[in-house]
Amino acid sequence: MKYLILMIVSPLLLFSNCFAQSQTNDEAFRYQEQRMVYQQWDQKKFKPTSGFLGLNPYYWLTWGFFYPNYHKTDLRPLSGSGPQTQRLALVAAMNSTDDKYKLQSDTVRNTALSQLSSQTGLISDADPLWLLYYNNEFKPVLNNSATSILAGLSPHVVTKLISEGTYNWYKNELDMLKERIDGAHTTNMDRGSRILAYYRLLQDYRNISGVWAIRTSTAQSTLTKAAQQQRINSGQVAVPQWTPQTDIDIANKVLQHLQ
């Protein structure tokens with residue numbers, strides 16, 4: 001039974017193999033594969049050809065009856081209007097659009113970062129105007145203490161300023177001004193608004209420090225006058241006697257100087 005099946009199947013397999021090889025070696029199939037894959041849509045390589053004087057009936061049967069317009073249309077995927085060429089063109093167009101979107105998004109991102117860097121208070125320490133000018137001008141306020149405020153004053157003047165409440169007033173003003181400077185320095189705002197805030201705060205500090213300078217000078221002058229008055233009252237300083245002069249005496253002295 002097995003031998004009978006083999007005797008029937010073997011010729012069929014051999015026939016199908018020969019048929020497949022004949023199709024593979026057929027010029028019409030080979031030219032069609034070449035046309036569809038990579039080579040030109042060559043009109044001269046369509047099989048069957050028209051033959052001598054166009055009398056080949058297979059040519060007219062194939063290209064005239066079954067496929068009248070087949071060889072006139074370029075069906076290659078990579079032809080000028082082929083689907084693969086269109087797909088590549090579409091991919092190139094989409095890539096160009098993606099690049100434009102990316103450029104636009106990068107521009108928006110850079111603009112946002114630029115605005116954020118000019119408004120955020122996190123990096124306000126790196127502002128050039130702060131580093132070069134306002135940081136030094138505000139140091140007496142930001143680093144204020146009893147030692148820095150009363151430095152250079154005599155003990156008597158310090159005692160007088162504290163007893164009169166002038167020192168407490170000035171210290172409170174500096175502390176409030178320090179809070180305002182810290183707020184302007186760390187709050188998110190436009191750089192121009194931040195610089196204007198620095199300018200106004202610096203003017204306030206100069207006004208306050210001017211009042212402090214006047215009061216310390218007044219306290220020193222008052223103590224000096226009080227000390228002089230005390231020495232005069234205790235007789236430590238000789239006060240010259242003053243005697244009234246007549247007009248004649250004054251005139252004579254003037255004439256003596258002129259001579």
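Trainee: Does Arg 191 count as buried, exposed or partly exposed?
Mentor: This is a predicted model, in which local features need pLDDT of at least 70, side-chain atom pairs count only at pLDDT 80 or more, and totals for chains, interfaces and linings use all residues. Residues are numbered from 1 along each chain as its sequence is written, and side-chain values use heavy atoms, with hydrogens and water left out. Buried means under 20% relative accessible area, exposed over 50%, and partly exposed in between (1.4 Å probe, protein chains only). Because its relative accessibility is 36%, Arg 191 counts as partly exposed.

Trainee: With which residue does Arg 191 form a salt bridge?
Mentor: A salt bridge is a side-chain nitrogen of Lys or Arg within 4 Å of a carboxyl oxygen of Asp or Glu. The closest N and O atoms of the pair in question are 2.5 Å apart, and the partner of Arg 191 is Asp 127.

Trainee: How many residues apart in sequence are the parts that the pair of Arg 191 and Asp 127 ties together?
Mentor: Helices (H or I, at least four residues) and strands (E, at least two) are DSSP runs, numbered from the N terminus. Arg 191 lies in helix 10, whereas Asp 127 lies in the loop between helix 4 (83-119) and helix 5, so the separation of the parts is 64 residues.

Trainee: How many salt bridges are there by this rule?
Mentor: Another example is the pair of Arg 206 and Glu 137, at 3.8 Å from N to O. Arg 206 belongs to helix 10 and Glu 137 to helix 5, so this pair ties together parts 69 residues apart in sequence. By the rule, the count of salt bridges is 6.

Trainee: What is the relative accessible area of Trp 130?
Mentor: Trp 130 counts as buried, because its relative accessible area is 6%. To repeat the value for Trp 130, it is 6%.
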